[in-house]
Amino acid sequence: MALTDERKATLIAFCRLDDLSPEDEMLLESFYEDAVDYMTDAGVAQPEPGSARAAKYDHCVNYMVLDSWDNREMLQSGTVTENPAFRRRLNQLKLTEVVPDLGTTS
């Protein structure tokens, strides 16, 4: 899904980014698209805007975009650990994903 102006403003505020150059805005959009694609590949569909599920989904996407923004270097020093709040939200979204009825059960 394309990054809307409203969603971009929320993402910029979450990441605490100011005065982005056009190149930085393109990079932010790329990180957003990557995060949304990751969620889809993880089995979490993008929910309807405005739902409680959408808030959790957006929060996970925000975490991933910020992580991509802050960790653009190929190498990292020190201990790198995943944010446990992110993992709990992603796991909850995956476990509560609605599975379509494919008519394969009796």
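In the predicted model, Val65 is in contact with Leu11, Cys15, Leu28, Phe31, Tyr32 and Ala35, leaving aside its neighbours within four places in sequence. Val65 is also listed, together with Leu11, Leu28, Tyr32, Met39, Tyr57 and Val61, among the residues with the most contacts inside the largest nonpolar core. This core has 23 residues. At least two of its residues are supplied by each of H1, H2, helix H3 (52-70) and helix H4 (84-95). H3 provides the largest share, 7 residues. In soluble globular proteins, nonpolar side chains tend to be buried together.

The protein chain contains 4 helices and 0 strands, and its pattern along the sequence is α-α-α-α. Of the 106 residues in the protein chain, 27% are buried. When contacts between residues at least 6 apart in sequence are considered, 69% join residues at least 24 apart.

Two packed helices are described by the angle between their axes and the distance between the axes. For helix H1 (residues 5-15) and helix H2 (residues 22-41), the axes come within 12 Å and cross at roughly 95°. An angle of 65 to 115 degrees counts as roughly perpendicular, and H1 and H2 are therefore assigned to that class. On the H1 side, the contact is made by Arg7, Lys8, Leu11 and Ile12; on the H2 side, by Glu25, Leu28, Glu29 and Tyr32. By residue class, the contact of H1 with H2 comprises 4 nonpolar, no polar and 4 charged residues. Leu11, Leu28 and Tyr32 take part in this contact and are also among the residues with the most contacts inside the largest nonpolar core.

Lys8, one of the charged residues in question, is found in helix H1. Its relative accessible area is 12%, and because buried means under 20%, Lys8 is classed as buried. Beyond its neighbours within four places in sequence, Lys8 is in contact with Leu3, Glu25, Leu28 and Glu29. The side chain of Lys8 makes a polar contact with the side chain of Glu25 at 3.0 Å. A polar contact with the side chain of Glu29 is also made by the side chain of Lys8, likewise at 3.0 Å. Lys8 and Glu29 are 21 residues apart in sequence, with a C-alpha to C-alpha distance of 8.1 Å.

Arg7 is likewise found in helix H1. Arg7 counts as buried, at 10% relative accessibility. Not counting residues up to four places away in sequence, Arg7 touches Tyr32, Asp58, Val61 and Asn62. Two of these residues, Tyr32 and Val61, are among those with the most contacts inside the largest nonpolar core. The side chain of Arg7 reaches the backbone oxygen of Asp58 at 3.2 Å. With the side chain of Asn62, the side chain of Arg7 makes a polar contact at 2.9 Å. Arg7 and Asp58 are separated by 51 residues in sequence and by 9.0 Å in space, C-alpha to C-alpha.

The loop between H1 and H2 holds Arg16 and Asp19. Most residues other than glycine have a negative phi, and most peptide bonds are trans. Arg16, although not a glycine, has a positive phi of about 55°. Asp19 also has a positive phi, near 50°, in a residue other than glycine. Arg16 has a relative accessibility of 75% and counts as exposed. Asp19 also counts as exposed, with a relative accessibility of 80%.

Definitions and conventions
Residues numbered from 1 in each chain as written. Predicted model: local features only at pLDDT ≥ 70, side-chain atom pairs only at ≥ 80, totals over all residues. Heavy atoms only, no water. Axes fitted to C-alpha atoms, helices over the stretch in contact; angles between N-to-C directions. Parallel < 35°, antiparallel > 145°, perpendicular 65-115°, else oblique. Contact = heavy atoms within 4.5 Å. Buried < 20%, exposed > 50% of the residue type's maximum accessible area, 1.4 Å probe, protein only. Polar contact = N/O pair within 3.5 Å; in protein donor to acceptor, adjacent residues only side chain to side chain. Core = buried A, V, L, I, M, F, W, Y, C linked by side-chain atoms within 4.5 Å.
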